[in-house]
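Please find below a note on the structure, written for a reader who is new to the subject. The points may be read in order, with the structure open alongside.

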Amino acid sequence: MQPIITAKNLWKTYQMGEVTVVALKDIHLKLYEGELVVILGPSGSGKSTLLNIIGGMDKASNGELYYRDTPLHKADDKQLTFYRRNDVGFVFQFYNLMPNLTAYENVYLSAQISQSPLPVEEMLEKVGLSDRANHFPSQLSGGQQQRVALARALAKNPAILLCDEPTGALDFQASIQVLKLFKDFSETYRKTVAIITHNAAIAQIANRVFYLKDGMLDKVERNENPLPPERVTW
Amino acid sequence: MLWKKMIRDLKENKGAYLATIIIIVIGLMVFTSFSMVMDNLRLSQQSFYKNQNFADGFIEVQAMPPSEIEKLQDIQGINDVQGRLVKDVKVLFPNRDENVYLRLVSVDPAKKNPINGVQLKQGIPLSNKEMNILIDNKFFEANNLKLNEEIEIIADGKKRALRIIGVGRSPEFIYALRTSSDLYPSPESFGIAYIPFEVMKTLFPERETMNNIVFTLRPGADYDNVKERLKPELKPYGLKSIYPRKDQTSHLLLTQELKGLEATARVLPLLFLSIAGMILYIMLKRMVEQQRGQIGILKAFGYTHKEILSHYMSYALTIGILGGIIGGILGIALSFPFTTLYQTYFNMPGLTSKFSPLYLVLSILLSLGFSLFAGYQGCKGILILQPAEAMRPPAPPIGKKTWLEKITIFWNMLTVQGKMAVRNMSRNKSRSIFIFLGIMFTFSLLGLTWSMNDLSQRMLFDQYEKVETYDVKVSLSNPLNQKKVSRELNHFPGVTRVEAMAEIPVTLKNKWYKKDVVLLGIPEDSTLYNILDKNYNKVDPPKNGLLISERLAKLLGAEVGTKLNVESLMIKDPDKAKQLEVVGVIPQYLGLNAYMDINSLQEFLGQGELATSFMLRMDEESIALLQNEFRKSAAVSGIDDQTERLAQTKELMASFYGMIFILALIGIITGFAIIYNSSVITLSERSHELASMMVLGMTPAEVLSVITFEQWFIGIFAMLAGIPMSQILLIGMSQSISNDVYTMPTNITASSFLIAFFVTAASIWIAQRFAGKKIQKLSLVDVLKSRE
Ligand SMILES: Nc1ncnc2c1ncn2[C@@H]1O[C@H](COP(=O)(O)OP(=O)(O)OP(=O)(O)O)[C@@H](O)[C@H]1O
Ligand SMILES: [Mg+2]
């Protein structure tokens with residue numbers, strides 16, 4: 001099967017005056033269609049850096065990165081923008097919704113720039129917020145806002161969904177709800193979902209778990225029988 | 001340490017701070033340079049008036065013997081009286097065919113501390129024995145004359161030579177205009193010569209009489225009372241006019257100029273400093289809001305309010321000091337060329353500029369005052385923040401529906417970005433108002449300048465190309481019979497049409513209003529002098545009343561149907577009250593006149609068929625011939641060649657264009673600075689939102705469009721509001737500029753609005769492109785790492 005993302009010998013270094021900070025060191029990995037992966041690792045281990053590079057928000061210092069056959073390491077700003085526009089969905093810990101757009105408009109904003117968007121109403125329905133479509137973010141709870149953010153990412157109909165600590169600001173109930181949506185998305189639409197988390201319990205729902213340590217890919221675990229999100233506890 | 005933070009913050013937003021400084025600098029440049037020029041002018045005016053004993057009153061009479069004039073000395077309130085003979089003569093320069101005139105003003109070389117004394121710059125004082133003159137320095141320089149050189153004039157039809165033995169100037173001719181319809185002095189073709197009365201009287205047939213009197217008042221004496229006492233004494237000698245210093249042409253124009261300078265020196269800087277203050281206020285307020293976390297931590301560390309406040313105020317301080325110093329120094333530097341420019345128009349001693357520490361200090365103080373005040377207003381929020389509260393993020397911006405959403409058709413037309421923009425506008429009202437005012441200011445300033453450009457062109461060229469369409473105007477020294485002169489001129493080779501004109505000085509009165517003007521009598525079927533109404537339709541000079549200019553109507557509180565009392569020394573029976581009805585009001589931009597059919601006017605005066613000048617249509621080649629022929633005639637006082645006048649005017653307009661250009665530039669820079677700054681502020685304020693959009697895959701251009709949509713939306717309304725605004729500005733400008741010599745029209749042309757629109761739009765567009773560069777540099781990863 002052809003991988004969606006292929007990373008070869010990926011490095012990221014930051015030059016801070018005389019000190020060189022190595023954020024990523026010789027990363028090799030492949031992500032496939034329809035799989036849900038979880039990235040675990042201590043703070044500062046390079047998780048966000050890796051995800052940002054995969055998502056075309058940042059560029060590696062060295063190495064190769066492909067989206068299907070497209071070499072992203074050679075792409076310029078314009079091509080990266082296009083990649084983000086059509087192929088990638090992001091969900092962050094802080095929802096980053098537009099404060100002065102309603103839930104519906106937030107999702108629509110994202111859908112309108114994509115080449116093959118999914119219907120906005122359907123996405124809101126999927127995240128269970130149809131009745132809140134006309135509310136502004138400040139009128140929604142954190143969990144609801146995160147679900148709008150998710151609907152916004154999904155509405156673009158991206159090939160990959162990248163989530164940086166999506167449940168970091170949510171309580172247990174809200175987290176489970178969001179995780180169910182991720183799982184559902186990867187299974188029903190056959191999309192790739194990558195989730196960064198500090199919560200090891202969440203790793204149980206993943207097909208594969210990547211462990212990062214000091215910027216290196218420490219180990220990769222395959223989960224033959226991922227748990228359905230509703231059965232996860234912590 | 002905080003000092004370092006400030007430098008970094010300043011660098012990060014250098015464009016915005018730079019723009020603020022530039023606005024301050026422009027304001028202060030205007031302030032310093034204009035104030036300094038004004039001070040220089042005023043000071044030299046005062047000392048010149050005082051040293052040369054400038055007259056308080058001026059009298060023109062037909063002819064009066066010196067012995068009688070001396071008796072006026074005894075009138076109560078009069079300090080000193082001096083009679084003079086004043087006559088304009090033609091100068092014959094070899095190899096020059098344009099008209100050159102000298103005004104001969106008689107003086108008494110023996111008199112101590114004379115009124116309107118001549119300040120000798122070069123050469124020796126006058127003596128009664130020789131044909132010697134002092135000549136005014138502008139004329140002397142402009143015509144490359146030398147001391148002891150003789151110049152030839154035509155006096156009473158005879159060629160005479162006068163020896164220049166000295167160069168000097170008098171307070172009476174600081175701004176030397178030959179006729180009141182001239183706009184600028186033209187020293188090549190008009191100058192003043194001071195000549196002993198004993199010599200001058202030999203040149204003219206009047207012999208022992210004088211035609212001009214100047215007097216000074218005793219301290220505390222009231223001019224109007226003195227005037228009333230003078231009148232009966234002067235009547236027997238053909239009193240033509242009597243007017244106070246404030247109506248004297250040179251004084252009037254100098255005073256006007258000073259007033260204009262003063263107004264500009266006050267209003268413009270205030271405007272610019274306010275704009276700069278506004279920008280500073282917004283920037284600091286935003287910075288304090290954004291850095292509330294940092295402020296909280298500083299407070300938690302134990303920094304006092306004062307220390308933190310002074311840190312934020314140091315931004316305002318830096319900008320204030322920098323702006324003040326640069327603006328002050330540039331302004332002082334600018335005052336030098338400015339003063340030189342004024343030297344070419346105003347002929348006064350002591351008109352020089354020098355470095356003024358006072359104005360430098362004043363500039364810095366002004367700049368600091370505005371910056372610190374604005375800065376404090378922006379920063380004072382710090383004082384009420386509690387450390388714990390400060391470290392908490394500010395209450396999230398609340399999304400709200402706006403009233404505009406009720407207009408469903410409009411709302412549905414908008415893209416989501418457009419909706420965002422509209423909501424942002426109402427979310428940030430004060431910012432929107434600022435942008436609105438800024439664009440309105442730019443637009444109206446541009447509209448105003450271009451209108452002034454258009455209108456001044458119209459003022460001058462209309463007058464010469466549409467109204468006074470004659471080729472040559474021959475003015476008579478004394479009124480003569482219309483038919484006789486007409487016949488003579490008609491026979492002159494090359495002349496195809498002759499029209500007579502009567503120019504009668506009159507005093508028009510209505511209720512308590514009164515005004516001295518020249519009443520023009522024009523033939524009914526005139527084709528050489530066209531009276532035009534607002535729409536450029538020709539109006540015939542009325543037989544049964546007067547046409548008056550709009551400004552005159554205003555000055556007299558008159559309208560169509562008003563009966564005006566007309567007094568004139570040229571009316572046969574001057575003591576009998578006569579009335580004329582206003583039958584029409586017309587625009588008139590050059591001069592201030594009333595019009596009437598010449599025949600009816602002659603009838604009204606009851607002095608026969610008198611004319612004072614003649615307008616000719618003639619071949620260009622014959623003009624020189626005509627000038628040669630009549631140059632020596634005592635009956636002719638002037639021959640004006642229209643093309644010559646037009647060319648001179650065009651040349652003089654060049655300096656006016658310079659001013660217009662500067663005003664327009666100021667408008668553009670201000671508009672640019674305001675748009676650029678508000679874009680940059682918006683960018684940093686909403687970096688989170690904008691970065692989120694870029695993460696979604698929007699291009700920098702699409703992201704920018706959210707901000708630009710907002711500005712264009714506000715911009716359209718601001719420009720619409722700018723239309724009446726520029727009209728108001730123009731009316732204000734017109735009121736401060738207009739005088740008896742010229743009236744500034746107040747109808748703005750559509751083309752100026754079009755130009756104002758395009759230039760404003762262009763400066764908005766360019767400012768947005770600059771701001772757009774910042775979006776491209778926005779680091780997505782960094783912005784999104786932190787919570788909003
Ligand atoms: N702009 C930057 N300049 C210098 N170093 C950076 C920069 N961004 C990240 N780093 C460094 O790169 C390393 C990886 O950072 P990254 O944000 O990927 O960690 P993380 O695994 O996401 O941590 P956390 O779980 O705390 O979010 C860290 O050591 C960090 O200091
Ligand atoms: Mg991270």
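1. Basis of the note. This is a predicted model, in which local features need pLDDT of at least 70 and side-chain atom pairs count only at pLDDT 80 or more, while totals for chains, interfaces and linings use all residues. Residues are numbered from 1 along each chain as its sequence is written, chains are lettered from A and ligands numbered from 1 in the order in which they are written, and side-chain values use heavy atoms, with hydrogens and water left out.

2. Extent of the interface. Chain A places 26 residues in contact with 30 residues of chain B (contact means heavy atoms within 4.5 Å). The area buried between the two chains is about 2600 Å², and carbon and sulfur atoms give 63% of it; buried area is the accessible area (1.4 Å probe) that two parts lose on being put together, summed over both. On the side of chain A, Phe94(A), Pro99(A) and Asn100(A) lose the most area to chain B, together 22% of what that side buries.

3. Salt bridges. Two salt bridges are counted between chain A and chain B (a side-chain nitrogen of Lys or Arg within 4 Å of a carboxyl oxygen of Asp or Glu). Glu105(A) forms a salt bridge with Arg423(B), and their closest N and O atoms are 2.6 Å apart.

4. Strand S8 of chain A. Why is this strand described as largely enclosed by the rest of the structure? Five of the five residues of S8 (residues 192-196) are buried, so the strand is largely enclosed; buried means under 20% relative accessible area (1.4 Å probe, protein chains only). Strands here are DSSP runs (E, at least two residues), and helices are DSSP runs too (H or I, at least four residues), numbered from the N terminus. On one side of S8(A) lie Thr192(A), Ala194(A) and Ile196(A), and on the other Val193(A) and Ile195(A).

5. Neighbours of S8(A). Strand S3 (residues 36-40) of chain A runs parallel to S8(A), joined by four bridges, and Val38(A) stands opposite Ile195(A). Strand S7 (residues 160-164) of chain A also runs parallel to S8(A), with five bridges, and Cys163(A) stands opposite Ile195(A).

6. Ser444(B). This residue lies in helix H15 (residues 429-467) of chain B and is buried, with a relative accessible area of 1%. Leaving aside neighbours within four places in sequence, Ser444(B) is in contact with Gly722(B), Met725(B), Ser726(B) and Leu729(B).

How values were computed. Buried means under 20% relative accessible area, exposed over 50%, partly exposed in between (1.4 Å probe, protein chains only). Two strands pair if DSSP finds at least two bridges between them.
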